[in-house]
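Colleague: I have the coordinates open, and before I use any label I would like to know what it rests on. Could we go through the labels one at a time, setting each value against its definition?

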Amino acid sequence: MNDWISTYPTSVKTVYKLYTTRDYDINHRIIESNKYILLYTFDGDGLVQVDGQVFQSKSNTLIFANASKSLAYKCASDTWNFWLFEFKTEPFLLKTNYLYNIPFTMEFSNLCDHTLLSLKEGQQQLASAYFHLFYSILAHKLDNNMKSYDLTVIDKSLEYMKDNIKDFSVQSLSNFLNIPTRTLIYIFNREMGTSPLRYFQGVRMELGKEYLESTTMNISEISQELGYYNSGHFSATFKQYTSVNPVQYRREFNLRNMG
């Protein structure tokens, strides 16, 4: 279609079912901040570049591209077969510029076909209705998948933090989980309301409290066990976290548990 037709909450302007070869290489010319492009690969490999970030799209993967500067996509194997939808919606239900994995079911295929056929026949509002149904089902399934995936990431991160308490870094955790640092930060902010580094600091402080409560280790020994360079740094951080220094914390804990 040449123009957007307002079809609340979703409006579709362009739909393609593309079967491409190695010479397929597109640089998207019209960038709009409120426009989304869904690229859903059902066979082959493609490369999608959004504002300088590159995603490798394989079978049963999709990306909601929302570019502010540049958008390009090209075939990265002998063939790349995919659906492309250019749409606007309010509100957006999922994460943009992120590669999702989800099987392309017959249900999805039928809805995509109906969307394309309706647009070919000039029925843009009907096409938008079909696409909104497809998009809503995707959002529901992907959101549930993401929550399960996110919790797995959090669980594995906690184990890694405890096992690497002396030499932890966000980059090392990212490498261990084999996910981009940006994605790791996003998951922690979404599920835990804080960054991985701040979460680790909390894990370290809670472990420090356990040492103070259940062992006779002195402050210097605890500092070394937790990976601090010196006991002064540990004490200052501990006080920021608990409002009391480690010596006071141990004293007050022992007083509360006497007898």
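Modeller: Let us begin with accessibility: a residue is buried under 20% relative accessible area, exposed over 50%, and partly exposed in between, with a 1.4 Å probe and protein chains only. The model is predicted, and local features need pLDDT of at least 70 and side-chain atom pairs pLDDT 80 or more, while totals for chains, interfaces and linings use all residues. Residues are numbered from 1 along each chain as its sequence is written, and side-chain values use heavy atoms, with hydrogens and water left out.

Colleague: Does Ser243 count as buried or exposed, and what value decides that?

Modeller: Ser243 has 59% relative accessibility and therefore counts as exposed. The residue sits in the loop between helix H7 (231-242) and helix H8 (246-256), where helices (H or I, at least four residues) and strands (E, at least two) are DSSP runs numbered from the N terminus. Ser243 also has a positive phi, near 80°, although it is a residue other than glycine.

Colleague: Which other backbone angles deserve a careful look, for instance at Asn97 and at Asn178?

Modeller: Asn97, which is not a glycine either, has a positive phi of about 55°, and its place is in the loop between E6 and E7. Asn178, which follows helix H3, has a positive phi near 60°. Within H3 (residues 170-177) itself, Val170, Ser172, Leu173, Ser174 and Leu177 are buried.

Colleague: What makes the peptide bond from Tyr8 to Pro9 cis, and what of the one from Glu90 to Pro91?

Modeller: Omega is the angle to look at, and from Tyr8 to Pro9 it is near 0°, a cis bond, in which Pro9 belongs to the segment before E1. From Glu90 to Pro91 omega is near -5°, and this bond is cis as well; Pro91 is found in the loop between E6 and E7.

Colleague: What volume does the largest pocket have?

Modeller: About 510 Å³. Of its 21 lining residues, Tyr98, Leu99, Tyr100, Asn101 and Thr183 are the closest to its centre. On a 1 Å grid over the protein atoms alone, a pocket is an open set of points with protein on both sides within 12 Å along at least five of seven lines, whereas a cavity is a set where a 1.4 Å probe fits but cannot get out, and lining residues have an atom within 4 Å of a point. Points are joined across faces, edges and corners, and volume is the space filled by probe spheres set on them. E4, E7 (99-101), helix H2 (124-163) and helix H4 (181-192) each supply at least two lining residues.

Colleague: How much space lies in the second largest pocket?

Modeller: About 370 Å³. Among its 16 lining residues, the closest to the centre are Tyr16, His28, Arg29, Tyr73 and Glu86. Strand E1 (10-21), strand E2 (25-27) and E6 each supply at least two residues of this lining, and E1 gives the most, with four.

Colleague: Why is the protein chain called more spread out than a compact globule?

Modeller: The chain comes to eight helices and seven strands. Its radius of gyration is 25 Å, well over the 18 Å that the globule rule gives for 259 residues, so the chain is more spread out than a compact globule. The radius is taken over C-alpha atoms, and the rule is 2.2 Å times the number of residues to the power 0.38. The C-alpha atoms fill a box of roughly 80 × 35 × 35 Å along the principal axes, and 45% of the 259 residues count as buried.
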